[in-house]
Amino acid sequence: MDTTALHDLLREMLDRFLVTHSPPGQEEEMAAAARPYLEEYCDEVWTDAHDDLIGKIAGESAEGAIVVAAHKDEIGCVVERIEDDGRVRLEDLGGMQAWRYGEGPFDLLGDEIVTGVLSVGSTHVSARSAEINAAKTNTPMNWDAARVVTGLSREELAERGVRVGSRALVARARKPPMYFDGRVCGYGLDDKGAVAASLLGAKLLRAGPRPPVDVYIAITAAEEGGCSGGQFVAHHLPVDTMIAVEVAPVAPEYDIAMTPAPVVVFKDRFIYTRSICERLCALGDELGCGHQRTILRTFGSDASVAHQAGAIGRAACLGFPTENTHGYEMAQFEAIANCGRVLAAYLADPVR
């Protein structure tokens, strides 16, 4: 597959995936967007009892099978309370921080989507408006101070299926990706960009000889709430190895540069399998895209959590450099494509 075709396919997937709504526990839109690609590249496709979407590429042997995990959920919120005047209070899911979004359009997912405005209040206030003044002067905007204003009453919201427990997230109107300077920018690249990279890997793998072992592509559910999808997959699929595909946060404390070189994570909250990590690094060099090595803090993946729990024998994590993680994210476009290329090369010749 030539570079232009690879980039065109990646952009097609990102354009489709990044506008979907997929907060933890309500991920049907993203599953529907990804499934046609899985069905094209895999021998079998199904959804398990945990709502993980899985494709299988049959290899020459079932022994030593590998699963690639990228999660389809994005950070979001849940409706905590609807006040007497219809203003909606939210609680975060997966570490969503209100200050990352500021005031602006927000979608409430009921029986229909109700769009409102995430709001703190007028800036022209004094200490007599305590919560607003705090956000103005010394405290970042948080969910205690923020409300979603829809103009509807509590009863009218209920008629539209918006109640306590309904999911909420940044409005679809704010989601179409932007491309500039070799970057793709948008909400939910964690982990929809990784889903795209995994699907590219599956396509490239399928274009060559049958892999030596069975390969599963798991588009996992509910990662942001504690990586339960990855653990369920590891417990229920006949696999020895899990490779998570993730964002790799660009920050002063990490030696990660915004370049096309994919990132191999050697440790986050848990340790990864060194032999697989070294093989991924070597493949990046062989393919000419290079590699970056890192150790991350305040980070975990489906693979590291499953490995730490004893649900999987070996684990690795491959990522693409991303700024503003869990916000308006900016990822290195070519690095996403290179993650797919490195994945395909590894799956065609894995550590045995």
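## A tour of salt bridges and a cavity

Start by selecting Arg89, which counts as buried at 14% relative accessibility. Keep in mind as you click along that this is a predicted model.

**Stop 1: around Arg89.** Is Glu83 buried or exposed? Glu83 has a relative accessible area of 18%, so with the cut-off for buried set at under 20%, Glu83 is buried. Next, widen the view by selecting Arg81, Asp144 and Arg147 too: together with Glu83 and Arg89, these residues are linked in a network of salt bridges. Side chains of opposite charge can pair when their charged atoms come close.

**Stop 2: a pair within a helix.** Move to helix α1, residues 3-17, and show the side chains of Arg11 and Asp15. They form a salt bridge with an N to O distance of 3.9 Å. Because Arg11 and Asp15 are 4 residues apart in this helix, about one helical turn separates them. Colour the pair by accessibility if you like: Arg11 is partly exposed, with a relative accessible area of 41%, and Asp15 is also partly exposed, at 32%.

**Stop 3: a link across the sequence.** Select Arg210 and Asp43, whose closest N and O atoms lie 3.5 Å apart in a salt bridge. Which parts of the chain does this pair link? Arg210 sits in the loop between α5 (189-206) and β12 (213-220), while Asp43 is in the loop between α2 (28-41) and β1 (44-47). The two residues are 167 residues apart, so the bridge links distant parts of the chain. Arg210 is partly exposed at 42% relative accessible area, and Asp43 is partly exposed at 35%.

The pairs at these stops are among the salt bridges in the model, which come to 24 in total.

**Stop 4: the cavity.** How many cavities of 30 Å³ or more does a search of the whole structure find? The search finds 1, and the largest cavity holds about 70 Å³ of space.

Methods
Residues are numbered from 1 along each chain as its sequence is written. This is a predicted model: local features need pLDDT of at least 70, side-chain atom pairs count only at pLDDT 80 or more; totals for chains, interfaces and linings use all residues. Side-chain values use heavy atoms; hydrogens and water are left out. On a 1 Å grid over the protein atoms alone, a cavity is a set of points where a 1.4 Å probe fits but cannot get out, and a pocket is an open set with protein on both sides within 12 Å along at least five of seven lines; lining residues have an atom within 4 Å of a point. Grid points are joined across faces, edges and corners, and a volume is the space filled by probe spheres set on the points. A salt bridge is a side-chain nitrogen of Lys or Arg within 4 Å of a carboxyl oxygen of Asp or Glu. Buried means under 20% relative accessible area, exposed over 50%, partly exposed in between (1.4 Å probe, protein chains only).
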